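Here are some notes to read alongside the model, written for someone who is new to looking at structures. Please keep the picture open while going through the points.

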Amino acid sequence: MVSLVARNLMKCYTSVPAVEDVSFSLRSGEVLGCLGPNGSGKSTTVRMLIGLSDPTRGEVLFGGKNIRMNLVAYRKLVGYVPEEANLYPFLSGLEYLELVGTLRGMDEPTLRKRIDSMLELFSLHPHRHSAVGSYSKGMRQRILLIAALLDDPELLIFDEPLSGLDVTSALIVKNLIKLLGERGKAVFYCSHVLEVVEKVCSHVMILRKGRVLAQGSADDLRQAAGQSSLEHAFVHLVEDRDATQTARDLADAMATA
Ligand SMILES: Nc1ncnc2c1ncn2[C@@H]1O[C@H](COP(=O)(O)OP(=O)(O)O)[C@@H](O)[C@H]1O
Ligand SMILES: [Mg+2]
């Protein structure tokens, strides 16, 4: 059973905190959606969760222990899809995945089999020998996803994993995230896309200006906001205004002489 706990996380790049007092827990079988507009602190939170950046205050506990105590071992257990694809451009897709699998200590036959089937499933097999630098954003994103899933990790952390994906791949990944939760993985999923979060997450945390605005099961949040869909609840909580009305006002403004 995996348990990831964030305790009062705070991160300051400047005098204004990018993340302030973020706390949550995530267990096996849960998909926690971290929802918030751009700049609300999602990626900053993720970087602290995987130990890429030190919290200014607070701590991240994995299995009850601060991840700092054994960061190398901890990172091996986490599948992480970063927001930006920084892949070594001269490696082929296949070489990159082989490198990741080897660094993760996977045995060669398993590694080969998994790479082969996952490249096939993500429609990348015909491009496996091409340099990653020649890939489109969507192709690089799919390589990152495969790299995160390859080792069958118990904890998965996705930062905007659908960005740049074509419609079909996005649908596959959406379904996959839900399925991973159902199969007992612990998933932390960041997105500014509400509709996806509503469909795949068991729990939701809404960030605004680095602070947790609301937190709970998707149903709890809908009820708390008194709205039928999470999308309405989200706009209500984050924007504190009615999106339908704003759209109408905009359309009216366009037509005003
Ligand atoms: N490395 C950094 N140095 C300085 N400021 C940063 C850095 N990373 C993020 N920020 C700032 O922190 C805030 C939160 O950013 P971020 O965590 O990327 O939000 P999100 O992922 O929700 O879009 C933003 O105001 C952003 O400009
Ligand atoms: Mg981000």
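**Notes on the predicted model**

1. Which residues of H3 are buried? In this helix, which spans residues 93–103, they are Gly93, Leu94, Tyr96, Leu97 and Gly101. These residues cover an arc of only 160 degrees around the axis, and therefore they lie on the same side of H3.

2. What do the buried residues of H3 pack against? Their partners are helix H4, residues 108–121, and helix H5. Just after H3 the chain reaches Gly105, which takes a positive phi of about 75 degrees.

3. The next point concerns a sheet. Six strands form an open sheet with mixed pairing, and their order is E6-E7-E8-E3-E9-E10. Strand E6 (78–81) and strand E10 (211–217) stand at the edges with a single partner strand each, which is why one side of each has no neighbour in the sheet. On average, and with direction ignored, neighbouring strands of this sheet are turned by 15 degrees against each other.

4. Within this sheet, strand E3, residues 31–35, pairs with strand E8, residues 186–191, in the parallel sense over five bridges, and Cys34 stands opposite Cys190 in E8. Two helices pack on the sheet. Helix H1 (residues 42–49) touches E3, strand E7 (155–159), E8 and strand E9 (203–208), and the direction of H1 makes about 150 degrees with that of E7. Helix H5 (residues 137–149) touches E6 and E7, and the direction of H5 makes about 170 degrees with that of E6.

5. Is strand E9 mostly covered or uncovered? It is mostly covered, since five of its six residues are buried. E9 runs parallel to E3, to which four bridges join it, and Leu32 stands opposite His203 in E9. With E10 the pairing is antiparallel, over six bridges, and the bridge partner of Leu207 in E10 is Val212. E9 and E10 form a hairpin with two residues between them, and in the turn Lys209 has a positive phi of about 50 degrees.

6. There is also an open sheet of four strands, paired antiparallel in the order E2-E1-E4-E5. Strand E2 (17–27) and strand E5 (65–66) are at its edges and have a single partner strand each, so one side of each is left without a neighbour in the sheet. Strand E4, residues 57–62, is joined to E5 by two bridges in the antiparallel sense, and Phe62 stands opposite Lys65 in E5. Helix H1 lies across strand E1 (3–12), E2 and E4, running at about 125 degrees to E1.

7. Finally, which residues are found around ligand 1? They are Tyr13, Ala18, Gly36, Asn38, Gly39, Ser40, Gly41, Lys42, Ser43 and Thr44. This shell divides into two nonpolar, seven polar and one charged residue, and H1 gives the most to it, with three residues.

Key: Residues are numbered from 1 along each chain as its sequence is written. Chains are lettered from A and ligands numbered from 1 in the order in which they are written. This is a predicted model: local features need pLDDT of at least 70, side-chain atom pairs count only at pLDDT 80 or more; totals for chains, interfaces and linings use all residues. Two strands pair if DSSP finds at least two bridges between them. Axes are lines fitted to C-alpha atoms, for helices over the stretch in contact, and angles run from 0 to 180 degrees between N-to-C directions. Two residues are in contact if their C-beta atoms, placed from the backbone, lie within 7 Å. A residue is near a molecule or strand if its C-beta atom, placed from the backbone, lies within 6 Å of it. Ala, Val, Leu, Ile, Met, Phe, Trp, Tyr, Cys and Pro count as nonpolar, Asp, Glu, Lys and Arg as charged, and the others, Gly among them, as polar. A residue is buried if 20 or more other C-beta atoms lie within 10 Å of its own, exposed if 12 or fewer, and partly exposed in between; C-beta atoms are placed from the backbone. The arc is that of the directions from the helix axis to the C-beta atoms.
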